[in-house]
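Welcome! Take a look below, and then read on.

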Amino acid sequence: METKLEQREAMIESVNARIRERVQRIEAMPAIPAVFLPLLKMLSEPAKEVGLDEVVRLISYDNSIAAQCMRVASSPLFGLTHAPTSIKSAVISLGLRRVETILLTCCLGQAFPAKKWALDPVVFWRHSMGCALVCRKLSEKLHAGDAETAYMGGLLHDIGFMVNCLAFPDEFLLAMRQAMQEEVTLDAAELATMGFTHCDTGRALAEKWELSPDLIEIIAHHHAVEQSQRSQPLVALVHLSDLLCRTRGLGYGYYERLRVDLTSDPAWAVLLKAQRELGQLDLVRFSFELDEAVAEICELVCAVLGPAPARA
Amino acid sequence: MTLARQTAFTPTASPIRQAVDPVYRQIRDLVYKVSGIYKAEEKLYLLADGCARRMKLVKVRTARDYWDHLTAHPSRDGELRQLLNEITIGETYLFRSPPQLDALRKVILPEIVAEKTKQVTKRLRIWSAGCSTGEESYTLAMNMLEESDRLLKGWTVEILATDLNDNSVETAKAGLYGDYALRATTDYFKRKYFSPVDEKKLQVRPEVKKLISFSRLNLQDDSKILFMKGMDIIFCCNVLIYFDGPSKSKVINHFFSNLNFGGYFFLGTSESLVNLNEQFHLVHFPGTIAYWKPSLSSGKL
């Protein structure tokens, strides 16, 4: 006789199989620029093994993406005062890793064009970009390893919402409605209506894309840091940044009845254990500074989602 | 002082950033360190205006000279107080901070009601400390009345509103407001809770006033503050600015002990308790922050 645990595991496996099957069918997915997957692969390799020329060559295949990247790179949020004139000059001023993340940001913006979705893509991208920037900032402040990996984690952590929109449009619409009506969190509404969340669907896409194990971990466990098996501090960092964004005007476009006591969150203890500097962080000031960046983040999202400039 | 450069999200120049002398960012950081008040980038011009007025009076010419005056001059502490007064000159109106009201009604009230539901007397006590001319107190009262048929059915709500200034307290009691004070008040609230007095003014209705008791109180008067026990929520917005470091600390400690366990303390939207009290927990709500005195059941004390 099957035990309850076995039954539960069988049920979870059948849900996961369903998710995987639908994710496989996302092939009809909007045009992901051709450079996207090679770029992803490059990002998972150590920086020193990736050559500048290789990146420039890759990007030169697609002028419109390149031009869009120049626009994004000129945002003060990426640390340049003047718009770079070429990919090469952007790499020289910003560093290879950062340019790669900017390119990925643009590719993703192209991959999921605005359509009638349960979750407004503009709102979604504001949250994701905001979270990416908060992750990077926090990671830099705490000297917590590669800040660009943290950025990618923030950018992709909610990618499961996009999968939901594409692969489970009707089910997710119900979840979204419930969340808005009851002002509860989206993951709670997803669980109540669909039985699984964007963490599950996001993980399926991340595995399909063969993202790095760190990124898969973030996508799968950013709502339950204690369940993550590896890179726990990084998952905790994304979790905390996500909460900060949702309380500072970069949420999902509706009022969530959130009460966030960051320093009492289990993720705080996980991150603090790895990065003692966290104890010195002035959270109020960090929040005020995030408020200041919100307008610029919104502009940046317009640059990423807006039409690419005409091909040169 | 390089704090701002290290911490800001956008360290380089945007159009707004280019317009202000970078010294004002240093002054902003100093003000934050001393008072917990943060002037956001888009409000830096207000700080610059305040500095300009002070610079005229103390007869210094450039922002750089004024920075020296604030940091190296024998009268620097006094000057910083003067500057703080200059940049926080009170303007207040009803419904000034919707995120605070949302947090109060949607998150905090359900929590407190659930926590106190086992108690015999269902009583909610709110203190509006430094109520000035009553705008905040009436806003709170109207919002509580909105909940009187729902969450707060069967509850008694008491709002204690205090201010140091007798004239302000008298004005508050009258509850007469013109367009300026009512500019963020919706027609719904105007119709439901106000009566027209003349073409220019509306007066708060008696059923709202009934919830509030206004009185004069000096927050530095320790013996009187002791009587303000048993609060569930305290609002003290844009008041602590007028206190020096040690007295501010003392007042905050009073607020902490006057709050019930599980109670909340709100400051003005750009204020914070930086380095003032270790016992309060900082809590984020959408668009606002508050300080929480941990409940006995939370195990966080």
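## Before we start

A salt bridge, a term used throughout this report, is a side-chain nitrogen of Lys or Arg within 4 Å of a carboxyl oxygen of Asp or Glu. Side chains of opposite charge can pair when their charged atoms come close.

This is a predicted model, in which local features need pLDDT of at least 70 and side-chain atom pairs count only at pLDDT 80 or more, while totals for chains, interfaces and linings use all residues. Residues are numbered from 1 along each chain as its sequence is written, chains are lettered from A and ligands numbered from 1 in the order in which they are written, and side-chain values use heavy atoms, with hydrogens and water left out.

## Chain A at a glance

The secondary structure of chain A consists of 16 helices and zero strands; helices (H or I, at least four residues) and strands (E, at least two) are DSSP runs, numbered from the N terminus. Of its 312 residues, 56% count as buried. Here buried means under 20% relative accessible area, exposed over 50%, and partly exposed in between (1.4 Å probe, protein chains only). Contact means heavy atoms within 4.5 Å, and among contacts in chain A between residues at least 6 apart in sequence, 69% join residues at least 24 apart.

An α-helix has 3.6 residues a turn, so residues three or four places apart point the same way.

## Where the two chains meet

On the A side, 34 residues are in contact with 44 residues of chain B. Together the two chains bury about 3200 Å², 55% of it on carbon and sulfur atoms. Buried area is the accessible area (1.4 Å probe) that two parts lose on being put together, summed over both. A:Arg259, A:Arg285 and A:Glu292 supply 23% of the area that chain A buries against chain B, more than any other three residues.

How many salt bridges are there between chain A and chain B? The count is four. In one salt bridge between the chains, the side chains of A:Arg259 and B:Glu111 meet at 3.1 Å, N to O. There are also 15 residue pairs in polar contact between chain A and chain B, both residues being at pLDDT 80 or more. A polar contact is a pair of N or O atoms within 3.5 Å; within protein, one must be able to donate a hydrogen and the other to accept it, and residues adjacent in sequence count only if both atoms are side-chain atoms.

Which elements give two or more residues to the side of chain A that touches chain B? They are helix H7 (121-142), helix H14 (232-247) and helix H16 (283-305) of chain A. H16(A) gives the most, with 11 residues.

## Salt bridges within the chains

Over all chains, the structure holds 31 salt bridges. One of them joins A:Glu171 to A:Arg22, with the closest N and O atoms 3.4 Å apart. A:Glu171 lies in helix H10 (residues 169-182) of chain A and A:Arg22 in helix H1 (residues 4-24) of chain A, so the pair ties together parts that are 149 residues apart in sequence. A:Glu171 is partly exposed at 23% relative accessible area, and A:Arg22 is partly exposed at 21%.

In chain B, B:Glu41 forms a salt bridge with B:Arg25, the closest N and O atoms being 3.0 Å apart. Both B:Glu41 and B:Arg25 are buried. Salt bridges that share partners join A:Arg285, A:Glu289, A:Glu292, B:Arg25, B:Arg28, B:Asp29 and B:Glu41 into one network.

## Two loop residues to look for

A:His143 has a phi near 50°, a positive value in a residue other than glycine. Its place is in the loop between H7 and helix H8 (147-156) of chain A, and A:His143 counts as exposed at 61% relative accessibility.

A:Glu210, in the loop between helix H12 (198-208) and helix H13 (213-221) of chain A, has a positive phi too, near 55°. A:Glu210 is exposed, at 68% relative accessibility.
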